[in-house]
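This report walks through one structure, from side-chain pairs to helix packing. Please keep the sequence and the coordinates at hand.

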Amino acid sequence: MTKRVISSIVGIGLVFGVVAIGALHRMDREARLLMQAEAAYNRQDYGEAVPIYQRLAKRGDNIAQRMLGKCYMYGFGVEQSYEEAVKHLLPAAEQGDMCAQAWLASCYLRLEKPFEEVYSWLRKASIQGEDSANLCLGLFYADGYGVKQSHETACDYFWKAAVAGNVQAQYLLGIHYESGLGVERSDEQALAWYEKAAINGHLNAQTTLGQIYLSKEQNEEGVKWTRLAAEAGEPVAQVNLAICYKTGQGVEQSDAEAIRWTRKAAEQGDVEALYNLAYCYAEGDGVEQSIEKAFELWKLIDNRYMDDLETGLSTVPKQFAIPTMYNLGLCYLNGDGVQQNPITAYIYIRGAAKSGHPGAQRVLKEVWNENPDDPLIDASTRQEILKEQSTSEQTNGAPTSHNE
């Protein structure tokens with residue numbers, strides 16, 4: 001081998017070595033920048049994180065593209081925009097980044113892109129084991145959204161997400177085992193999945209777990225999970241904890257604590273809490289009696305129920321809506337907490353009677369000599385009469401109990 005050939009090989013080797021060392025140096029620098037951006041992102045310093053992600057995304061770094069897309073999804077350090085998020089997520093998704101694929105599907109869903117595109121990207125992410133993609137696909141099949149409804153398929157996806165640690169999937173799997181939807185019913189499996197989700201901080205799972213243990217009179221365990229969710233702000237758990245204090249189940253009985261937790265839930269608009277608090281004011285149970293405050297709370301519940309009737313939603317269960325109508329009817333009939341108004345009283349009482357409330361049916365018969373199925377005295381709709389709030393002569397000798 002000639003000296004020229006040897007020199008050429010050495011020269012090529014030196015060049016390759018310089019290129020390799022230079023590439024490694026660049027990789028180290030970019031890795032350090034990514035770490036810097038990640039640290040800034042985690043402490044919510046998006047002003048520092050976003051420019052680094054933008055710089056690296058232009059160089060084609062998949063992680064930076066994905067994270068920049070996420071910033072645009074949620075408006076972290078930039079103006080929120082799903083369109084901009086897609087621009088950055090798509091290149092990373094096409095390179096196989098499973099998180100980018102799942103987030104891209106989420107953006108497409110919000111942008112009302114064809115369902116096939118949403119489903120395709122979720123499937124790509126699901127195949128790689130991305131838990132949020134499996135959760136989303138499970139929800140699609142559970143609800144029959146864009147696909148043929150199948151609780152069995154839904155549970156398959158929930159299980160994949162749940163074993164990967166997705167707390168929402170763990171909770172949903174618990175619900176399916178408890179109800180027997182898509183899987184063989186099993187209280188043991190339901191409890192196990194609720195516990196996994198509860199341990200991982202899922203508030204609904206903690207609340208449900210508390211209810212299960214309390215129903216079994218395993219009060220110490222029941223109060224533990226109920227209190228954990230209640231202190232984190234879950235209103236249903238707050239109502240349940242209030243009931244524990246009211247009855248002394250698992251805790252020392254305390255009307256003051258019962259009222260305190262009921263108020264916390266009521267402040268969040270929980271209907272049961274509002275109803276219970278109204279009862280307390282009407283009867284002076286644990287608070288200073290005030291029919292005026294009770295009326296305000298009942299009116300709040302009824303307004304929401306009327307909104308439900310107009311929108312087709314079900315935010316106010318009938319178990320609270322119907323007695324509330326009856327109580328409001330008595331208030332208007334007797335002038336308790338509000339100006340007396342027999343016409344408005346009639347509408348409320350008749351509405352409650354029509355829905356099967358026995359006290360309202362009795363009052364309808366005693367005061368107006370009517371049965372619920374008789375023709376209306378006034379054919380106007382309930383909403384129109386309540387809006388008018390017209391006044392008329394007072395009715396004497398009307399019933400006064402609000403707790404039938």
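Is E221 buried, partly exposed or exposed? E221 is partly exposed, because its relative accessibility is 26% and that class begins where buried, under 20%, ends. The model is a predicted one.

## Overall make-up

The protein chain holds 20 helices and zero strands. It has 404 residues, and 44% of them count as buried. Consider contacts between residues at least 6 apart in sequence. Of these, 46% join residues at least 24 apart.

## Salt bridges

A search of the whole structure gives 13 salt bridges.

| Pair | N to O distance | Relative accessibility |
|---|---|---|
| R59 and E30 | 3.3 Å | R59 42%, E30 22% |
| E221 and K224 | 3.0 Å | E221 26%, K224 42% |
| D255 and K246 | 3.2 Å | D255 31%, K246 34% |

Start with E221. Its partner in the salt bridge is K224. Both residues sit in helix α12, which spans residues 219–231. They are three residues apart, about one turn of the helix. K224 is partly exposed, as E221 is.

The salt bridge between R59 and E30 links distant parts of the chain. R59 belongs to the loop between α2 (46–58) and α3 (62–74). E30 lies in helix α1, residues 3–42. R59 counts as partly exposed. E30 falls in that class too, because its relative accessibility is 22% and buried means under 20%.

Salt bridges also form a network, which links R43, D45 and E48.

## Around K246

K246 is placed in helix α13, residues 235–247. Its salt-bridge partner is D255. Both K246 and D255 are partly exposed. Which residues does K246 contact, leaving aside its neighbours within four places in sequence? They are Q253, S254, D255, A258 and D285. K246 and A256 are 10 residues apart in sequence, and their C-alpha atoms are 8.7 Å apart in space.

## Two loop residues with positive phi

E217 has a phi near 60 degrees, a positive value in a residue other than glycine. It is in the loop between α11 (203–215) and α12. E217 is exposed, with a relative accessibility of 65%.

N369 is not a glycine either, yet its phi is positive, at about 55 degrees. Its place is the loop between α19 (358–368) and α20 (382–388). N369 is exposed as well, at 55% relative accessibility.

## Helix α8 against helix α9

How do α8 and α9 cross? The axes of α8 (residues 151–163) and α9 (residues 167–179) come within 8 Å, and the crossing angle is roughly 140 degrees. The pair is therefore oblique, because roughly antiparallel requires an angle over 145. The crossing is left-handed. On the α8 side, the contact is made by H151, C155, F158, W159, A161 and A162. On the α9 side, A169, Q170, L172, L173 and H176 take part. By class, this contact has eight nonpolar residues, three polar and no charged.

## Helix α15 against helix α16

The axes of α15 (residues 271–283) and α16 (residues 291–311) come within 7 Å. They cross at roughly 155 degrees. That angle makes α15 roughly antiparallel to α16, because the cut-off for this class is over 145. The crossing of α15 and α16 is left-handed.

Which residues meet at this contact? From α15 come V271, L274, Y275, L277, A278, Y281 and A282. From α16 come I291, K293, A294, L297, W298, L300, I301 and R304. By class, 13 are nonpolar, none is polar and two are charged.

## Summary

The chain has 20 helices and zero strands. Of the two helix pairs described, α8 and α9 are oblique, and α15 is roughly antiparallel to α16.

Note on methods
Residues are numbered from 1 along each chain as its sequence is written. This is a predicted model: local features need pLDDT of at least 70, side-chain atom pairs count only at pLDDT 80 or more; totals for chains, interfaces and linings use all residues. Side-chain values use heavy atoms; hydrogens and water are left out. A salt bridge is a side-chain nitrogen of Lys or Arg within 4 Å of a carboxyl oxygen of Asp or Glu. Helices (H or I, at least four residues) and strands (E, at least two) are DSSP runs, numbered from the N terminus. Buried means under 20% relative accessible area, exposed over 50%, partly exposed in between (1.4 Å probe, protein chains only). Axes are lines fitted to C-alpha atoms, for helices over the stretch in contact, and angles run from 0 to 180 degrees between N-to-C directions. Angles under 35 degrees count as roughly parallel, over 145 as roughly antiparallel, 65 to 115 as roughly perpendicular and the rest as oblique. A crossing is left-handed if the near helix is turned anticlockwise from the far one by less than a right angle, and right-handed if clockwise. Contact means heavy atoms within 4.5 Å. Ala, Val, Leu, Ile, Met, Phe, Trp, Tyr, Cys and Pro count as nonpolar, Asp, Glu, Lys and Arg as charged, and the others, Gly among them, as polar.
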